[in-house]
Amino acid sequence: MTEVVSITVPAAPGWSGVVELVLAGLGARLDLPYDRIDELQLATTAVLEDAVGPDVRVDATASADGVDIRVGPLTAGAGDPGRRRVLDALADTVALEPGRDGEMWAVLTFARDGAR
Amino acid sequence: MASGDQRALLVAYLENGDVRARDRLVEEMMPLVRSLANRYAGRGEPTEDLVQVGAIGLVKAIDRFELEKGVELSTYAVPTIVGEIRRHFRDRTWGVHVPRRLKELSMRLSRTRDDLSAELGRSPTVAELAEAVGVDEEEVIDALQASKAYAPRSLDQPHDDDEPARPTGLADEERGYAALERGSVVRQGLDTLDERERRIVVLRFLRGMSQSEIAAEIGISQMHVSRLLRKSLETMRGRLDETEVTA
């Protein structure tokens, strides 16, 4: 069974905590190890900082294998190699894909047991 | 004060209930309390408050002192005084208002998370944490989230040149540090971190070590590693924003 949780928040400081709570609840329902939840939150909030605003949307798709996170729209800064390296260490896969209006979205996947 | 005089006062108080003897001990040992409080000065709390809190720790140490142990009172009292000062910071350094119940639960969870990780050989789930501390999963999530509002940095690095520096192993990480893309956001941002934060970032993002592995290597809790990682990324991000503004 696949479950999708979507949340749209203002692209402003202070709202990442709301997203983190949602992700923690989702991670708990999936029985993910807490380290995994923590890194899911860390990676997602890192991406949120590249939101182009005024709002940013997070779609979290949960399945038996883990969680996929889609975040956007984002600025071009999301493609910075250094930042990408950070995300690569936290998520199992990281992809940037264009949206319908040419804006950028990040897609992160987190396998249940992690890449390590 | 000569140790013989100190012992006589301790005997007078602990065995005969002479409160004046305890007051005299407190008075004589206040320079030690001030010295310890000064190590934590300049971190947003009035030094005199720290001295008062430290004095409470001293009184507790005197009350709990066991004459038969044969140790000096000052040796026994230092951890209690420092513990009281640290507890004061812990209660005062939450970035947002967090109910005491959640603060206490988050501290219990920090210990439980480390204990369960050692026992299970992996990070525990929220359900396992909830069962271990006897609360429901929502409370665990609330408390763990609340703990992220806690700013513990100053407590592990007292302003005391006499205290031996923690081994950072930074030189060992230089190769990894240099491996970062020249001019990248991370590379620029690393310069804004202190040595321990930089080491944690390198271990996590370049060496691919897990939070629990880093916690074991550096000798701090997983929760502390998590907080330092968050703080480091925020600091690095702040540097980027400044760069973009001035560019």
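The model is a predicted one, so local features need pLDDT of at least 70 and side-chain atom pairs count only at pLDDT 80 or more, while totals for chains, interfaces and linings use all residues. Residues are numbered from 1 along each chain as its sequence is written, with chains lettered from A and ligands numbered from 1 in the order in which they are written.

Start with the interface. Here 29 residues of chain B are in contact with 24 residues of chain A (contact: C-beta atoms, placed from the backbone, within 7 Å). On the chain B side, two or more residues each come from α6 (126–133), α7 (137–147), α9 (185–190), α10 (195–205), α11 and α12 (222–246); helices here are DSSP runs of H or I with at least four residues, strands are E runs of at least two, and both are numbered from the N terminus. The top contributor is α12(B), with five residues. By type, this side of chain B splits into twelve nonpolar, nine polar and eight charged residues.

One helix pair spans the two chains. The axes of α1(A) (residues 16–29) and α7(B) come within 10 Å and cross at roughly 140° (axes are lines fitted to C-alpha atoms, for helices over the stretch in contact, with angles from 0 to 180 degrees between N-to-C directions). On the α1(A) side the contact uses A:G17, A:E20, A:L21, A:A24, A:G25 and A:A28, and on the α7(B) side B:E137, B:I141, B:L144 and B:Q145. That set comprises five nonpolar, three polar and two charged residues.

Back in chain B, the buried residues of α11(B) (residues 211–218) are B:Q211, B:S212, B:I214 and B:A215. They sit on the same side of the helix, because they cover an arc of only 160° around its axis, taken from the directions from the axis to the C-beta atoms.

Notes:
Buried ≥ 20, exposed ≤ 12 C-beta atoms within 10 Å, placed from the backbone. Contact = placed C-beta atoms within 7 Å. Nonpolar A, V, L, I, M, F, W, Y, C, P; charged D, E, K, R; others polar.
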